[in-house]
Amino acid sequence: MSQAHEKLNLASEPLLQLDDIEVIYEKVIFAIKHISLQVGPQSIVALLGANGAGKSTILKAISGLAPAQRGEIVQGKIVYSGKDITQATPGQLVAQGLVQVLEGRHCFGHLTVEENLLTGAFIRRPSSKALAQDLERVYAFFPRLKLLRKSYAGYTSGGEQQMVAIGRALMANPKLILLDEPSMGLAPQIVEEIFEIVHQLQQTQGLSFLLAEQNATVALRYANYAYVLESGHITHHGDAQTIASSQALSDSYLGGR
Ligand SMILES: Nc1ncnc2c1ncn2[C@@H]1O[C@H](COP(=O)(O)OP(=O)(O)O)[C@@H](O)[C@H]1O
Ligand SMILES: [Mg+2]
């Protein structure tokens, strides 16, 4: 256990901690139960599980987006940076550096790539000079987006839209990014490119990621720690190498490629 905690960077306080979280939709539909997990500073934590296991529900519970889908946290506590955020709104959380990138990417198709990125900074109201610097910082990680800055996001590829969605999250100056199924529908080479950038952001900017993925193979190569979900429960957790070499995934679902 202590070794696992080292991998989570938990020598100090966790950045994010969920304690016995339960979410139901529409007052009756049970989605997740007894979810306790931690994300350390500067770490990548994977949430793995089949479709419907509860990955997105966990991310939405954290980011304050569950109520928008008639979901409710009926039990448990979520602490971020030492503060209880169980009932915080998405806007309050973004202002504190906790940002979600939704499943399916959700770019504004009728805005250019650069306009999409700028929407991510809105909440901070930075000066135009700071804004320009922030854009350059994003373009340094995503040179391809710089080339496409004047293109309508709706006309870019799926991989490019995923980059726009992550880039927009970066414009909020986050400490923790909740990333929902970044690999979905993308070619393996693009998936690799995106995970490499996530890894760079962790290493060079000190960011943490909580990453929901059905593609366990790729997620476990980049994650420090992983939780495996099945029908709204955590069935296994451990450092990524241990999970990758254990029966955990084949027990829970035929994950992988
Ligand atoms: N808005 C919603 N209303 C009702 N049930 C939902 C809603 N969103 C998800 N669910 C249910 O909650 C469970 C977990 O779903 P989800 O968190 O989306 O899983 P995953 O992201 O792992 O595919 C599923 O049984 C799903 O049908
Ligand atoms: Mg999902």
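Trainee: Which residue of β10 is the bridge partner of Leu 229?

Mentor: Ile 234 is the bridge partner of Leu 229. Keep in mind that this is a predicted model, where local features need pLDDT of at least 70 and side-chain atom pairs count only at pLDDT 80 or more, while totals for chains, interfaces and linings use all residues. Residues are numbered from 1 along each chain as its sequence is written, and chains are lettered from A and ligands numbered from 1 in the order in which they are written.

Trainee: How do you know that β9 and β10 pair, and which way do they run?

Mentor: Two strands pair if DSSP finds at least two bridges between them. Strand β9 (residues 225-230) is joined to β10 by 6 bridges, and the two run antiparallel. Strands β6 and β7 also qualify, with 4 bridges, but these run parallel. Leu 98 has Leu 176 of β7 as its bridge partner.

Trainee: What makes β6 and β10 edge strands?

Mentor: The open sheet of 6 strands has the order β6-β7-β8-β3-β9-β10, with mixed pairing. β6 (98-101) and β10 (233-239) each have a single partner strand, so one side of each is left without a neighbour in the sheet. On average, neighbouring strands here are turned by 15° against each other, direction ignored. Helix α2 (residues 55-63) packs on this sheet, touching β3, β6, β7, β8 and β9, and its direction makes about 150° with that of β7. Contact means C-beta atoms, placed from the backbone, within 7 Å; axes are lines fitted to C-alpha atoms, for helices over the stretch in contact, and angles run from 0 to 180 degrees between N-to-C directions.

Trainee: What are these helices and strands by definition, and how many does the chain have?

Mentor: They are DSSP runs numbered from the N terminus: H or I over at least four residues for helices, E over at least two for strands. The protein chain has 11 helices and 10 strands.

Trainee: How many residues surround ligand 1, and which are closest?

Mentor: There are 13, and the closest are Tyr 25, Ala 31, Lys 55, Ser 56 and Thr 57; a residue counts as near if its C-beta atom, placed from the backbone, lies within 6 Å of the molecule. The largest share of the shell, 3 residues, comes from α2.

Trainee: How do you know whether the radius of gyration agrees with a compact globule?

Mentor: The radius is taken over C-alpha atoms, and the globule rule is 2.2 Å times the number of residues to the power 0.38. For 257 residues a compact globule would be near 18 Å, and the protein chain has 18 Å, which agrees. The C-alpha atoms fill a box of roughly 45 × 35 × 35 Å along the principal axes, and 43% of the residues count as buried.

Definitions and conventions. A residue is buried if 20 or more other C-beta atoms lie within 10 Å of its own, exposed if 12 or fewer, and partly exposed in between; C-beta atoms are placed from the backbone. Two residues are in contact if their C-beta atoms, placed from the backbone, lie within 7 Å.
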